[in-house]
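Here's a quick briefing to read with the structure open beside you. Have a look around first, then work through the points below.

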Amino acid sequence: MTRLFSNWTDQSIEQIIGNLLRFGVMLSAAVVLAGAGLYLRNYGHTLADYRIFRGEPNDLREVHGIIADALAGRGRGIIQFGLLLLIATPVARVAFSLFAFIMEKDWLYVGVTAVVLSLLLISLLGPL
Amino acid sequence: MGSFVAGFLGSLTGLGGGVVLVPLLTLVFKVDIRYAVGASLVSVIATSSGAAAAYVKEGFSNIRIGMFLEVATTIGALVGAFLATKVPTAGIAIIFGAVLLYSAYLSARPPAEKLGQQPDRLGTLLRMNGSYPTDHGPQPYFVHRVPAGFGLMFGAGTLSGLLGIGSGAVKVLAMDQAMRIPFKVSTTTSNFMIGVTAAASAGIYLRRGYIDPGLSMPVMLGVLAGSLLGAKTLVKAKTHSLRLIFSAVIVALGIEMIYHGLTSAM
């Protein structure tokens with residue numbers, strides 16, 4: 001188990017993963033907060049009704065639509081983009097773990113991690 | 001405000017904000033349960049990632065166990081999110097109530113630690129055995145009954161995807177009781193897995209239009225602020241009496257949810 005010339009130990013990987021998670025949550029919270037400011041300035045006086053389920057419009061459902069709305073400076077789009085960043089945080093963690101297992105040459109777990117990553121990507125982008 | 005309380009309570013008791021959040025939104029604020037589940041999933045990712053960041057650094061969570069079991073939870077999460085589009089909302093409410101009652105029962109029961117002393121073939125083959133820090137240096141442990149744990153994890157993932165909860169209780173049950181992983185390791189590893197599981201179903205919820213920015217925004221920010229505060233007070237608070245109070249709240253919410261589901265079905 002001694003890897004003299006490698007600093008890719010489980011401990012150092014865990015440190016990086018911890019920082020990655022923290023950064024992702026902080027970043028998405030900041031984006032959501034920014035969007036919230038914009039959204040409340042425009043719609044703060046109206047009371048939203050969530051009793052009846054309508055479903056979101058198409059542009060707030062797909063990744064490219066959300067990014068387009070956020071870039072257009074729409075409050076709801078920016079909030080949704082922040083939520084998308086939050087959903088992407090665990091995905092980024094799994095992607096990093098895949099990279100780390102490749103560096104450790106732990107092929108069993110490279111396979112396991114690849115399965116988890118593809119399931120996550122199917123959920124977010126796939127034909128479901 | 002309600003989501004702030006939910007996040008605070010959730011992180012205090014380790015049950016996760018979702019179990020309080022969804023009943024609160026549906027029963028008190030009369031939000032459609034699909035919107036509530038969508039908002040809850042988002043907040044579950046936020047709290048679990050925030051907490052996992054701290055735990056991972058302390059070296060308690062086992063990344064290999066987590067990653068292997070995430071195969072089961074993410075498949076379950078996709079199944080659960082798919083089921084959520086098929087099951088009528090009244091059915092979701094009733095299942096939610098039943099899960100609440102069960103998790104209250106689990107958290108009220110003191111956890112019995114059963115540690116395996118001998119290595120298990122499959123656990124060793126999958127390189128899951130590890131060690132965790134104690135006062136007297138690293139303590140090694142062995143992982144058992146991987147298939148049973150894997151099966152339970154699939155169930156945990158399905159519940160998470162259907163109900164928008166972390167299902168930490170089922171995850172801890174799988175690791176602690178079935179696989180005989182030390183309590184501290186199983187709780188922190190379960191927390192670590194919750195974010196990935198919730199992300200798997202949140203992707204589908206987002207694309208089905210179940211995640212509303214106007215509703216998710218206060219919920220996410222509130223839960224995050226609440227969990228930050230909860231983690232700080234946890235050290236001082238008497239967890240035992242808190243757990244009892246929380247169990248009582250969960251039982252009441254569970255009965256309310258079942259009642260709500262039954263009446264709205266008629």
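In which helix of chain B is the place of Lys86(B)? It sits in helix α4 of chain B. Keep in mind that this is a predicted model, so what follows is computed from predicted coordinates.

**Lys86(B)**
- Tyr35(B) lies 51 residues away from Lys86(B) along the chain, and their C-alpha atoms are separated by 15 Å.

**Chain B at a glance**
- Chain B has 11 helices and 2 strands.
- Reading from the N terminus, the order of elements is α-α-α-α-α-α-β-β-α-α-α-α-α.
- Of its 266 residues, 61% count as buried.
- If you take the contacts in chain B between residues at least 6 apart in sequence, 81% of them join residues at least 24 apart.

**Where chain A and chain B touch**
- The contact draws 45 residues from chain B and 47 residues from chain A.
- On the chain B side, the elements that put in two or more residues are α3 (33-58), α4 (63-86), α9 (183-208) and α10 (213-233) of chain B.
- Out of these, α3(B) gives the most, with 11 residues.
- Sorted by class, the side of chain B that touches chain A comes out as 27 nonpolar, 9 polar and 9 charged residues.

**The largest nonpolar core**
- This core holds 117 residues, and the members touching the most other members are Ile87(A), Val42(B) and Ile45(B).
- Helix α3(B) supplies the largest share of the core, with 15 residues.
- Leaving aside residues up to four places away in sequence, Ile45(B) touches Leu86(A), Ile87(A), Thr89(A) and Pro90(A) in chain A, plus Gly195(B), Ala198(B), Ala199(B) and Ala202(B) in chain B.

**A helix pair in chain A**
- Helix α2 (residues 63-71) of chain A packs against helix α3 (residues 75-103) of chain A at an angle of about 130°, with the axes 7 Å apart.
- That angle is why α2(A) counts as oblique to α3(A).
- From α2(A), the residues involved are Val63(A), Ile66(A), Ile67(A), Asp69(A) and Ala70(A), and they meet Gly77(A), Ile78(A), Gln80(A), Phe81(A) and Leu84(A) in α3(A).
- By class, this contact of α2(A) with α3(A) has 7 nonpolar, 2 polar and 1 charged residues.

Key:
Residues numbered from 1 in each chain as written. Chains lettered and ligands numbered in written order. Predicted model: local features only at pLDDT ≥ 70, side-chain atom pairs only at ≥ 80, totals over all residues. Contact = placed C-beta atoms within 7 Å. Helix = DSSP H or I, 4+ residues; strand = E, 2+ residues; numbered from the N terminus. Nonpolar A, V, L, I, M, F, W, Y, C, P; charged D, E, K, R; others polar. Axes fitted to C-alpha atoms, helices over the stretch in contact; angles between N-to-C directions. Parallel < 35°, antiparallel > 145°, perpendicular 65-115°, else oblique. Core = buried A, V, L, I, M, F, W, Y, C linked by C-beta atoms within 7 Å. Buried ≥ 20, exposed ≤ 12 C-beta atoms within 10 Å, placed from the backbone.
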